Amino acid sequence: TGGLITLDPGFKNTGSCESAITFLNGEEGILRYRGYSIEDLAEKASFLEVAYLLIFGELPSQKELDKFYGDIKEESHVDEEMKKILDGFPKTAHPMGVLSSLTSALIAFNPSSVNVESEEDMYKAIVKLIAKFPVLVAWTLRKRNSKPLDYGDSSLNYVDNILKMMFKKPNEEYKVNPKVSEALNKLLILHADHEQNCSTSTVRIVGSSHAGLFASISAGISALWGPLHGGANQAVIEMLEGIKEDGGDTKKFMEKAKDKEDPFRLMGFGHRVYKNFDPRAKIIKKSADDVLGDLGVEDPVLDIAKGLEKEALEDDYFVKRKLYPNVDFYSGIIYRALGIPTEMFTVMFALGRLPGWIAQWREMRLKKEPIGRPRQVYTGENHRDFKDIEKR
Ligand code: SDX
């Protein structure tokens, strides 16, 4: 129904899978989480409601949401010894490497979250991770800024609490800015899941060996780090800054992007599945205008980004290859306006994607899927007799 495909049984155990969580239609630019359109969810839901929807399959009642958040708040402490691990990193360490390491290190302090077999134990592991992950994200940022490491404030909602942990100044009360909260809430929802992308497939295949939720998510963070995947949001801003420094000549960069010799990629453009437009990019582009306007932020790279998009949409090379802005093209402009440093952009992507990764891991485990075992087409040598080294 709705253009869904049913996989040939031969696809089983190859990393491809059947899933009921997220539906994409790349031709029509449709993205739905458990049947709800991304446009509705981004406008009307909280990130925690969307996390609950992705993981458990239904939008929560108020009672269910209150219990979920209550369980999360119970688990929002991170062992103090974890700070010693964080201290071991140089300030220059890339935050994605730090976050992947700290997520894996959580296992040592939460051993009961490893061999989870029952749905109840899975729930406990899920709540622990949803509670502690934002603390690790905030600690990673504060360490880079030489700020004291803080815990959350359970009187705030999930997203406001994240912002407070990230940005609270040591000697000042943290004031919630509803515009900033709304912008981050929307960005996190838009990144929350995306079917079987590179990092989600990584989470599923690592999880299929029963390595445990935290280890699977740590692997997913590493996969997301790559500039062809989530790392693109950082690469986009670096690219736009480069164009600005170079005098803002977008035409020159467009030509470069076609030069096969120097396969400079127009970062934030193109997608394996979306071949007309990425619905998330449309929402984020509009949100960028709103957020910068609300916050009174002038950012010249927004105009450069819009100029690049306009040229690409009119350029045969890009149109023929169906290359359009993807989720990463405008998101960094908003993160920057919210005061998030460039090297933390992919960490913010991971923060948004966490519930999707968890939902996909839980689905795979509840369905008792066998260990993933992709097959290959062998293209190497036929049998050869061994040769002693003297004869080689
Ligand atoms: C994400 O899978 C997901 O769902 C991922 C994601 C999610 O939510 O999880 O949506 C998040 O990863 C978004 C993508 C972020 N990455 C980037 O923005 C990096 C730049 N984009 C490209 O690396 C590329 O477009 C990919 C990796 C995103 C998609 O690669 P494809 O589909 O394999 O495209 P391709 O490499 O087969 O390229 C087809 C043609 C090639 O030219 P020809 O060989 O046909 O002449 O298009 C060209 C490519 O050279 N091309 C580009 C280009 N992307 C593809 N040329 C210039 N700039 C680009 N960005």
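The axes of helix 9 (residues 198-207) and helix 17 (residues 345-366) come within 9 Å and cross at roughly 35 degrees in this predicted model. Axes here are lines fitted to C-alpha atoms, for helices over the stretch in contact, with angles from 0 to 180 degrees between N-to-C directions. Helices are DSSP runs (H or I, at least four residues), numbered from the N terminus. Helix 9 passes helix 17 in a right-handed crossing, meaning that the near helix is turned clockwise from the far one by less than a right angle.

Contact means heavy atoms within 4.5 Å. From helix 9, Ser199, Thr200, Val203, Arg204 and Gly207 meet Arg353, Trp357, Gln360, Trp361, Glu363, Met364 and Arg365 of helix 17. By class, this contact of helix 9 with helix 17 has four nonpolar, four polar and four charged residues. Ala, Val, Leu, Ile, Met, Phe, Trp, Tyr, Cys and Pro count as nonpolar, Asp, Glu, Lys and Arg as charged, and the others, Gly among them, as polar.

Another pair is helix 13 and helix 16, whose crossing is left-handed. Helix 13 and helix 16 are roughly parallel to each other, because angles under 35 degrees count as such. In helix 13, the residues that meet helix 16 include Ala281, Ile284 and Leu295, and their partners in helix 16 include Tyr330 and Ala337. That contact has ten nonpolar, two polar and one charged residues.

| Helix pair | Axes come within | Crossing angle |
|---|---|---|
| Helix 9 and helix 17 | 9 Å | roughly 35 degrees |
| Helix 13 and helix 16 | 8 Å | roughly 25 degrees |

The structure holds 28 salt bridges, each a side-chain nitrogen of Lys or Arg within 4 Å of a carboxyl oxygen of Asp or Glu. One of them joins Glu117 and Arg365, with the closest N and O atoms 2.9 Å apart. Glu117 lies in the loop between helix 5 (95-109) and helix 6 (119-144) and Arg365 in helix 17, so this pair ties together parts that are 248 residues apart in sequence.

The protein averages a pLDDT of 93, and 95% of the residues score at least 70; pLDDT is the predictor's confidence in each residue, from 0 to 100. Over residues 1-8 the pLDDT is below 50, and this stretch has six contacts beyond near neighbours in sequence. Where pLDDT is low, the predicted coordinates should not be read in detail.

Residues are numbered from 1 along each chain as its sequence is written, and side-chain values use heavy atoms, leaving out hydrogens and water. In this predicted model, local features need pLDDT of at least 70 and side-chain atom pairs count only at pLDDT 80 or more, while totals for chains, interfaces and linings use all residues.

Technical notes: Helix = DSSP H or I, 4+ residues; strand = E, 2+ residues; numbered from the N terminus. Parallel < 35°, antiparallel > 145°, perpendicular 65-115°, else oblique.
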